[in-house]
Amino acid sequence: MSTAGLAPRTSARRTRVTLPPHLDGGLPFLGHALEFNRNPIRFVQRARGQHGDIFAITLAGQKVAVLTGPKGNEAFFRAPDDQLSAKEAYRFTVPLFGKDIAYATTPERMSEQLDLITPALSERRLRTYVDYIREEVENYASRWGDEGTIDLVQLGNELTVFIATRCLIGHEFRQNLSTEFAHLYHDMEGGLNLIGFLWPHLPLPAFRRRDRARTRMVEIISGIVANRRAAGVEGEDFLQTLMTARYGDGTALNDDNITGMLLTLIFAGQHTSAVLASWTGVELLRHPEYLHKVLDERERIFGGGRPLSFDGLNEMTLLGWAIKETERLHPPLILLMRKIRRDLHFRNYVVPAGWLAMVSPAASHRIAEVFREPNRFDPYRFAPRREEDKRTRFALITFGGGRHACIGMTFAYLQVKTIWSVLLGQFDFELVDADPRPNFDTFVVGPKPPCRVRYRRKKQAFSANGKGSA
Ligand code: HEM
C-alpha cells in the first residue's frame, strides 16, 4: 500500500496526514485513464479489492479519490457543497441549462429552483401522468405487427422521449413538435462532451449547434407559454408548474429560465429512465421463472379488465422488486463526481482540495458484505425481512443521496412500471441477443445494442385502459 506524507498541519503537534493509497499501474500523464475507460466498473472493483473503501487514481493528470462502500458513499453524500462541489463537477451543463439555472447558480438557489418543481411531482399529478404514459406506450406498440423484432435500447429511448415531452413540456409540444425536437435534442446532446467539460465555450461547430438548438427551444417554449396565457388554458405538466411558480421573494421565472429548468429535468431524467426501462426488460426476459410470477401478479391486478392506474401499479410489488434489482445491477449512472474545494477527511486519510472525488453506484452495489451473492438477479432481496438495501445506509445509491439526491425517482419508477405493465399485458417477448453487455461508450450506461427481442401479440389482449381487444 503506497502512502505519501503531506506537510504537517500544525507545528505545535506534528500530525502526519496521509493521502489515500495510490493504485498501482498507469501510464505517464494518462495515468489510469485507458484501463478506466475500457470498463470503469471492473476497474473500480479491482482497485477496491486491493485497497478497500478509499484509493487514489490519476486520470489524464487529474488526481481522483474514489470512495466505495456504504461508509465511503456516506462521506461523499454528506459532505457540504463548499467542501465537495457538484456545481464545479457539472459546470459543462451551464451553456445548455442556462446561466441563472441549476449548476450555474449557487447551491442554495439551485435547491430553491428544484423546490419549485415539487407540485409537478405531487401524487395528484403522478396519477395523471400514468394515463399519459399508458397512452404513449399503447400508441407506440399499436404500430407493431402481430409478431416481429424490436430493439430494447431503441424502445427505452424513444418511449422516454415521448413521455418526457408529454409530461414535462405538454401536449401542444408533444403533438406538433416531436420531429423537430428529435433534431434539437440531438444537437443539444452533442454539446455535452468531454471537451465541453473542460472548455464549454470553445468556438466549435458542436457548441454552435448546441447554442442554436437551445435558442430555438426558448422560442418554442415562449410561444406555448404565450398561447396558454392568451387562451387562459392550463396544462397538467411540469411547464404549467414552472409558469405559475414563484420564488420566495415573489419573482416569477422568465421564459429562458423555464426552458433551462425543463432542459435540466429532461437531461437528468430521460436517458436514465430509458436505460432502466431497457435493462428491466432484459433482466425480466433473462429470468423467465421470475417473469412468470410478475405476469401472474399483473393478471391478478389488471386481468379482469381493471384499468391501469397509479393505485394498481403500486400493488405490482414483484415488478417493483424486479426494477429495484435491475437498478442495483445496472445503475444508469455508474459514477458520480464532485470537485474537492476543502480537504476531505476519511478514516486516516486526507484528500486535498483540487482533487476530484468519485463514488460508483455500480461497484458499490456489488459488494458481497452488503448484498448477498451480489452478481445474482434476486429481486426477493428487497422483500420484507430481507430488505438488504435498508440494512446499511447508503448501500443502494442509484438515485444518489444527501443534499443532491434525485428528485425524479418516483416519476422514473412510474415510467418503467407503466411501460412494462402495458407491454407485458399485450405481448409475449423472448430475447434474441441473450446476454447484452453494458455499453460504456455513453455517459449513461445501458445495454449495448443490438439488444433485440422477438414479440408476439397475445390472442386476447386487455388494453390497459380496461377495454378488451381480440
Ligand atoms: C432511472 C432514472 C434516474 C436515475 C438513475 C437518476 C439518478 C440520479 C442521481 C444518481 C442523482 C444524483 C447526482 C449526483 O449526486 O451527482 C440525480 C440527481 C437529479 N435527478 Fe435524477 N435520476 C433519474 C431520473 C430522474 C428524473 C425522471 C428526473 C426529473 C424528472 C430527475 C431529476 C434529477 C435532478 C434535478 C437531480 C439533481 C438534484 C440535485 O442536485 O439537487 N432524475 N439523479
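The legends below describe close-up views of a predicted model.

Residues are numbered from 1 along each chain as its sequence is written. In this predicted model, local features need pLDDT of at least 70 and side-chain atom pairs pLDDT 80 or more, while totals for chains, interfaces and linings use all residues, and side-chain values use heavy atoms, without hydrogens and water.

View A. Strands (E, at least two residues) and helices (H or I, at least four) are DSSP runs numbered from the N terminus; two strands pair if DSSP finds at least two bridges between them. Strands of a sheet pair through backbone hydrogen bonds.

**View B. The pairing of strand 9 with strand 10.** Strand 10 covers residues 452-457 and is joined to strand 9 by 5 bridges. The two strands run antiparallel. Phe427 has Arg457 of strand 10 as its bridge partner.

**View C. Cys406 and the iron atom of the ligand.** Cys406 lies in the loop between helix 19 (388-391) and helix 20 (409-426). Its SG is the only protein donor of the iron atom, at 2.3 Å. Donors are N, O and S atoms within 2.8 Å of the metal (3.2 Å for Na, K and Ca); water is not among the atoms, so sites may look incomplete.

**View D. Two cysteines, Cys406 and Cys451.** Cys406 is partly exposed, at 40% relative accessible area, whereas Cys451 is buried, at 0%. Buried means under 20%, exposed over 50% and partly exposed in between (1.4 Å probe, protein chains only).
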